[in-house]
Amino acid sequence: MKALNRKVFWTLLGILTLILVVVLAVMNVTSYRREYENVKRNLFIMDKGGRDFENMMIMDYEIYVAELTPEGTILRTFAMGEPDDAFDAQSAAEAILAAYPSDTVHIENLYAGNYSFHYRNNNSIIIANDAVVAQKLWRVLLESLAIFVVIELLIVMLAKIMTGWITKPAREAFDRQKDFIADASHELKTPLAVIMASADELPEDATNRKLIANIKYESERMKKLIAELLDLSRLEDGITAAAYQDENLSGIVEKAALVFEAVAFEQGVAVETAINESIRLHCNREEIEKLVSILMDNAIRHSDRNSAIRLNLYRAKSSTILEIINCGEPIQQGEEQHIFERFYRADQARSRNENRYGLGLAIAKKIVQNHGGTIRAESDCMARTTTFRVEFK
């Protein structure tokens, strides 16, 4: 459910943020194009016949004129409107004469350019001081960034509200399903206990010995299924903060792995460990023990005889890594994520024969998630190895 909430939230946030970015981008592009066209218009405002330049006023723009002699030298420069003392029109005109041919129009990047100009047929140079335009454009850009920050905060709040509203039906259905599983499991425990006790009291003779054995076997299967359903239901609710302590993870993992050495030996499988000492983790001891037990049990059941299971625990940068590697039939490509789903069994027939229900790895994944970690599985088909890798931040 948390994964669904996160996905919906980030989807809404991404869509709304994209719309906001597009709107602000269009606003800034429009502003730039408007200023660009205004500068261009001012550079072409004089016709070839000439006008009384000094009496013309260009509002909001600093335009300078450099009149040229027939020989192409600068006769005089003057401003149309209020001049900027910091802008040297004479030097700009000289630089243009030295670098550009006659009848050239050049408009620079208005965010960073110094000036734009129109070199008119060897008789004048019209120069626009881009500094004033750049100030306008940067003001619009900074205002856009401020608007983005304010509206983005509102979008985050809106996305959270909409996420709760959109996922409410799914959340209610999920809660009903979880409550049903928990309630049904609890209700089944009592009649199951009665069945198992009654089976123990039945006299065994040649007639009913097989029937009693079947009753006990199926009762044990149901008992295991109920226990796993209750575990999964409890983990879905999360673990209270008080249940987490600063624990010696190295000791927990070593002890949990040691329990399975005898089980592995009976299956013809060796257990090798490489556990770094004194690795500590803020965790729930019982859940970490269950996690290692599930992964070790899974590795043993899927290992070839006369092979070895490798358990590694080490630190990598800011993470704690737990790896369990076994040699045996690899996971089929495309099933690496599905094996952590509830009731998913890659090999249906073998799972039934081994009294397995496809809940173990789902429980393991939930334990890891409750500890803020990630778990994944990958197989090397050539080497016939499968690695379960748990990473705690």
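**View 1. The mixed five-strand sheet.** Two strands are taken to pair if DSSP finds at least two bridges between them. In this predicted model, five strands form an open sheet in the order β7-β9-β10-β12-β11, and the pairing among them is mixed. The edge strands are β7, covering residues 269-275, and β11, covering residues 374-380, each of which pairs on one side only. From one strand to the next, the twist averages 15°. Helix α5, made of residues 249-259, lies across β7, β9 (307-316) and β10 (319-327), and runs at about 170° to β9.

**View 2. The surroundings of Y314.** Y314 is found in strand β9, and with a relative accessible area of 23% this residue is partly exposed. The C-alpha atoms of Y314 and I275 are separated by 6.5 Å, although the two residues lie 39 residues apart along the chain. When neighbours within four places in sequence are left aside, Y314 is in contact with N276, I279, S319, T320, I321, E323 and R389.

**View 3. The antiparallel five-strand sheet.** An open sheet of five strands has the order β2-β1-β5-β4-β3, and its pairing is antiparallel. Strands β2 (74-80) and β3 (104-106) stand at the edges with a single partner strand each, so one side of each is left without a neighbour in the sheet. The twist averages 15° from one strand to the next. Two helices lie across strands of this sheet: helix α1 (residues 2-43) lies across β1 (63-68), β4 and β5, running at about 155° to β5, while helix α2 (residues 89-99) lies across β1, β2, β4 and β5, running at about 125° to β5.

**View 4. Strand β4 and its partners.** Strand β4 (residues 115-120) pairs with strand β5 (residues 124-129) in the antiparallel sense over six bridges, and on its other pairing, with β3, the antiparallel sense is kept over three bridges. Six of the six residues of β4 are buried, so the strand is largely enclosed by the rest of the structure. Both faces of β4 are covered, with Y115, F117 and Y119 buried on one side and S116, H118 and R120 buried on the other.

**View 5. Salt bridges between charged side chains.** Side chains of opposite charge can pair when their charged atoms come close. The structure holds 14 salt bridges, including one in which the side chains of R76 and E67 meet at 2.8 Å, N to O; R76 is partly exposed, with a relative accessible area of 33%. Another salt bridge brings together the side chains of R285 and E247 at 3.3 Å, N to O. Because R285 lies in helix α7 (residues 285-301) and E247 in strand β6 (residues 245-248), the pair ties together parts that are 38 residues apart in sequence. R285 is partly exposed, with a relative accessible area of 33%, whereas E247, at 16% relative accessibility, counts as buried.

View 6. R301 forms a salt bridge with D297, and their closest N and O atoms are 3.1 Å apart. Because R301 and D297 are four residues apart in helix α7, about one helical turn separates them. R301 is partly exposed at a relative accessible area of 31%, and D297 likewise counts as partly exposed, at 23% relative accessibility. Salt bridges that share partners also join E323, R389, E391 and K393 into one network.

**View 7. A nonpolar surface patch.** M27, I147, V150, I151, L154 and M157 make a nonpolar surface patch of about 520 Å². Helix α3, made of residues 130-201, contributes five residues, the largest share of the nonpolar patch, and V150 is found in helix α3.

How values were computed:
Residues are numbered from 1 along each chain as its sequence is written. This is a predicted model: local features need pLDDT of at least 70, side-chain atom pairs count only at pLDDT 80 or more; totals for chains, interfaces and linings use all residues. Side-chain values use heavy atoms; hydrogens and water are left out. Axes are lines fitted to C-alpha atoms, for helices over the stretch in contact, and angles run from 0 to 180 degrees between N-to-C directions. Contact means heavy atoms within 4.5 Å. Patches are made of residues with over 30% relative accessible area and no salt bridge: like charges are joined within 9 Å, nonpolar side chains (Val, Leu, Ile, Met, Phe, Trp, Tyr) within 5 Å. Accessible areas come from the Shrake-Rupley method with a 1.4 Å probe; for residues, only the protein chains shown count as cover. A salt bridge is a side-chain nitrogen of Lys or Arg within 4 Å of a carboxyl oxygen of Asp or Glu. Buried means under 20% relative accessible area, exposed over 50%, partly exposed in between (1.4 Å probe, protein chains only).
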